[in-house]
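This report describes the fold, the aromatic contacts and the charged contacts of one protein. The sequence and the structure are shown first, and the description follows.

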Amino acid sequence: MKITKDKVVAIQFELSDPSGEILDDGGEGDEWYLMMGVGEAPPGLEKALEGKQVGDSFKVTLPPADAYGEREEQLVQKLPKTDLGEDVEIAVGDQLEAEADGSWELVTVVAVDEDTVTIDGNHELAGKTLVFDVKVVEVRDPTDEELQHGHAHGPHSHEDEDWDEWDEEDDDFDEDEEEEKA
Ligand code: ZN
């Protein structure tokens, strides 16, 4: 089965910068499940995956525009500490969820002083040229549930994800999953 825009793909990968420094070893034996055509993978990686099949390996170098985009300095913001709530311990490097334009974005704390916290809403890989060393390990059609959610489910599904919006539906989700296994 060849990879097209409507497939779910599992890859093993290693991510490095052009100098060869490893940014993410992908986790030994860990697969990254991604749904094509929905922006789960950076655009350049999706493009490189198209037409490939299980067993194919390739290496692709992606400039920022084909990876996680250029850095946008307006996404760096200084906030009064009190905006984050009383008695919250904040340290440089912490990642927080912040609401922006009605959706939740992950932001990184880049500076903390007595009264203010500086957060950076850029993806941590924004502005970087990335080298993906990829092996395709699975290609399949998405399940109904994946289509409904608009993203791929790996073997662990939502168990490793702590998205608040799924809390209420966790019970239902687990039941569905057990039915599938039975
Ligand atoms: Zn889902």
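A residue is called buried under 20% relative accessible area, exposed over 50%, and partly exposed in between. By this rule Glu-50, at 36% relative accessibility, counts as partly exposed. The model discussed here is a predicted one.

**Overall architecture**

The protein contains 4 helices and 9 strands. Their order along the sequence is β-β-β-α-β-β-β-β-β-β-α-α-α. Of its 182 residues, 32% count as buried.

**Aromatic contacts**

Across the whole structure, 2 aromatic pairs are found. Their geometry is set out below.

| Aromatic pair | Centre to centre | Angle between planes | Arrangement |
|---|---|---|---|
| Phe-13 and Trp-32 | 5.4 Å | 50° | tilted |
| Phe-13 and Phe-132 | 6.0 Å | 45° | tilted |

Phe-13 belongs to strand β1 (residues 8-16) and Trp-32 to strand β3 (residues 32-35), so their pairing ties together parts that are 19 residues apart in sequence. Phe-132 is located in strand β9 (residues 130-140); its pair with Phe-13 in strand β1 therefore ties together parts that are 119 residues apart in sequence. Phe-13, Trp-32 and Phe-132 form one aromatic cluster. Trp-32, with a relative accessible area of 21%, is partly exposed.

**Salt bridges**

The structure holds 7 salt bridges. In one of them, Lys-5 is joined to Glu-50, with 3.5 Å between the closest N and O atoms. Lys-5 lies in the segment before β1, and Glu-50 in the loop between α1 (43-49) and β4 (57-62), so this bridge ties together parts that are 45 residues apart in sequence. Lys-5 is partly exposed, at 44% relative accessibility. A network of salt bridges links Lys-5, Glu-46 and Glu-50.

Arg-140 takes part in a salt bridge with Glu-138 at 3.2 Å, N to O, and in another with Glu-146 at 2.8 Å, N to O. Both Glu-146 and Arg-140 are buried, whereas Glu-138 counts as partly exposed at 27% relative accessibility.

**Surface charge**

Which residues gather in a patch of negative charge on the surface? They are Glu-14, Asp-24, Asp-25, Glu-28, Glu-124 and Asp-133. One of them, Asp-24, is found in strand β2 (residues 22-24). Asp-24 has a relative accessible area of 32% and is partly exposed.

Key
Residues are numbered from 1 along each chain as its sequence is written. This is a predicted model: local features need pLDDT of at least 70, side-chain atom pairs count only at pLDDT 80 or more; totals for chains, interfaces and linings use all residues. Side-chain values use heavy atoms; hydrogens and water are left out. Patches are made of residues with over 30% relative accessible area and no salt bridge: like charges are joined within 9 Å, nonpolar side chains (Val, Leu, Ile, Met, Phe, Trp, Tyr) within 5 Å. Accessible areas come from the Shrake-Rupley method with a 1.4 Å probe; for residues, only the protein chains shown count as cover. A salt bridge is a side-chain nitrogen of Lys or Arg within 4 Å of a carboxyl oxygen of Asp or Glu. Lys and Arg count as positive and Asp and Glu as negative; His and the chain ends are not counted. The place of a charge is taken as NZ of Lys, CZ of Arg, CG of Asp or CD of Glu. Helices (H or I, at least four residues) and strands (E, at least two) are DSSP runs, numbered from the N terminus. Buried means under 20% relative accessible area, exposed over 50%, partly exposed in between (1.4 Å probe, protein chains only). Rings of Phe, Tyr and Trp (its six-membered ring) pair if their centres lie within 6.5 Å; planes under 30 degrees apart count as stacked, over 60 as edge-to-face and the rest as tilted.
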